Amino acid sequence: MRALLALLVGIILLSCAPARKEPPYDAKAHPAQVDAWHQHRLEELKADDGWLNLVGLFWLKDGINTFGSGPKNDLVFPYANMPAQAGYLLLKSNTVELVTLQGVKVKVDTVETKKAIIFHPDSSRNPRVAYQSLRWNIIKRSDKLGVRLRDLESPAVRDFRGIERFPVTATYKLPGRFIPGAPDLKIPITNVLGQVTPTSSPGKVEFTWEGKSYVLDALDGGPEELYLIFGDDTNTKETYGAGRFLYIPRADSAGNVVIDFNKSYNPPCAFTEFATCPLPPRQNVLPIAIRAGEKNYGAAHGE
């Protein structure tokens, strides 16, 4: 009986507790904060390791993969100053070795060399090869190994004029609730290559829009953030057709989150055909229009 009375008292106290209030919206500070975040993002896109300078993606076959500017190479690097035949990449036992021909001067992690291991399955290092303004390294996607090629003098960087965005508004800065998932939960995430990868999901985020509740599966975005890959009714018309990305702070001790759709941004595939972007899982395609964040990249170029 005492336990029942205690439970009833607890319920009454909770029902009488004041509702959690959001701090008043700051119409100057919030847009300024989002603008600063977006400016940093633009600088990252233009950086040497950004997405704008990608000029090639070449999947390797077992054995010798010749490279150079000549059309008969296995990997044709589109660069006028590259020798017609520059060398080869040897893929053997999931290890990639770089070998260059006489007179071709390349650097691996700033050290000039003629031969070097540039990928090993047991190493966390991912050396970068440099030849004049070109940079390349090995990427692994499921069971595939490939060469990601960059040109630091790419016209895409030189001609970049920014990304058109929706106006920053309070409307799309939404309170939400974090719903923890089962321990070690993984959900299938498909990329543009059609590869499916089980990916860690700490849980879901729930928010309300125009009186209706919506839920998005969240991915692990690091110790302080959750990562959302989502689609919505603006895709292909106003925003990138394959959805957008968004990072949000992890929940507070009460399970509250803030979903600021004003920071929604385009995946790398919006800028280059040489990226391997993840796609929104079916359950993360919202049946509403999220007119916040970045618009499709072509919109800024009149395309």
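Q: How many aromatic pairs does a search of the whole structure find?
A: The search finds 14 aromatic pairs in this predicted model. In one of them, the ring centres of Phe230 and Phe261 are 5.4 Å apart and the planes are at 70°, so the pair counts as edge-to-face.

Q: Where do Phe230 and Phe261 lie?
A: Phe230 belongs to strand β17 (residues 225-230), and Phe261 to the segment after β19 (256-260). The pair therefore ties together parts that are 31 residues apart in sequence.

Q: And are those two buried or exposed?
A: Phe230 is buried, and Phe261 is buried as well.

Q: Which residues form an aromatic cluster?
A: One cluster is made up of Trp37, Tyr227, Phe245, Tyr247 and Tyr265.

Q: What about charges: which ring does Lys144 sit over?
A: The charged end of Lys144 sits over the ring of Trp59, at 4.9 Å from the ring centre. There is also Lys295, which lies over the face of Phe166, 4.9 Å from the centre of that ring.

Q: Staying with Lys295, how far is its C-alpha atom from that of Ser264?
A: The two C-alpha atoms are separated by 9.1 Å, while the residues are 31 apart along the chain. Ser264 is found in the segment after β19. Its relative accessible area is 1%, so Ser264 is buried.

Q: Changing topic, what is the strand order in the six-strand open sheet?
A: The order is β1-β11-β10-β9-β6-β7, and the pairing is antiparallel. At the edges are β1 (54-59) and β7 (111-113), each of which pairs on one side only. Neighbouring strands of this sheet are turned by 30° against each other on average, direction ignored.

Q: How many bridges join β1 to β11?
A: Five bridges join β1 to β11 (residues 144-151), and the two strands run antiparallel. Within this pairing, Phe58 has Val147 of β11 as its bridge partner.

Q: Now β13: which side chains point to which face?
A: The side chains alternate along β13 (residues 186-190).

Q: How does β13 pair with β14?
A: β13 pairs with β14 (residues 196-200) in the antiparallel sense, over five bridges. Pro188 stands opposite Pro198 of β14. The hairpin of these strands has five residues between them, and Gly194 there takes a positive phi near 90°.

Q: What about β15, which strands does it pair with?
A: β15 (residues 203-209) pairs with β12 (residues 173-180) in the antiparallel sense over five bridges, and seven bridges join β15 to β16 (residues 212-220), again antiparallel. On the β16 side, Phe207 stands opposite Tyr214.

Q: Which residue takes a positive phi in the hairpin of β15 and β16?
A: Glu210 does, with a positive phi near 50°; this hairpin has two residues between the strands.

Q: What phi does Ser93 have, and where is Ser93 found?
A: Ser93 has a positive phi of about 55° although it is not a glycine. Ser93 is found in the loop between β4 (87-92) and β5 (95-100). Its relative accessibility is 65%, so Ser93 counts as exposed.

Q: And what is the case for Thr236, buried or exposed?
A: Thr236 is exposed, with a relative accessible area of 60%. Thr236 also has a positive phi, of about 75°, although it is not a glycine. Its place is in the loop between β17 and β18 (244-249).

Q: Last topic, helix α2: what is its reach from the first C-alpha to the last?
A: Helix α2 (residues 29-46) has 18 residues and reaches 26 Å, close to the 26 Å expected at 1.5 Å a residue.

Q: Which residues of α2 are buried?
A: The buried residues of α2 are His30, Pro31, Val34, His38, Arg41, Leu42 and Leu45.

Q: Why are they on the same side of α2?
A: They cover an arc of only 110° around the axis, which puts them on the same side of the helix.

How values were computed. Residues numbered from 1 in each chain as written. Predicted model: local features only at pLDDT ≥ 70, side-chain atom pairs only at ≥ 80, totals over all residues. Heavy atoms only, no water. Phe/Tyr/Trp six-rings, centres within 6.5 Å; stacked < 30°, edge-to-face > 60°. Helix = DSSP H or I, 4+ residues; strand = E, 2+ residues; numbered from the N terminus. Buried < 20%, exposed > 50% of the residue type's maximum accessible area, 1.4 Å probe, protein only. Lys NZ or Arg CZ within 6 Å of the ring centre and 35° of its normal. Pairing = 2+ DSSP bridges. Axes fitted to C-alpha atoms, helices over the stretch in contact; angles between N-to-C directions. Expected span 1.5 Å × (residues − 1). Arc of directions from axis to C-beta.
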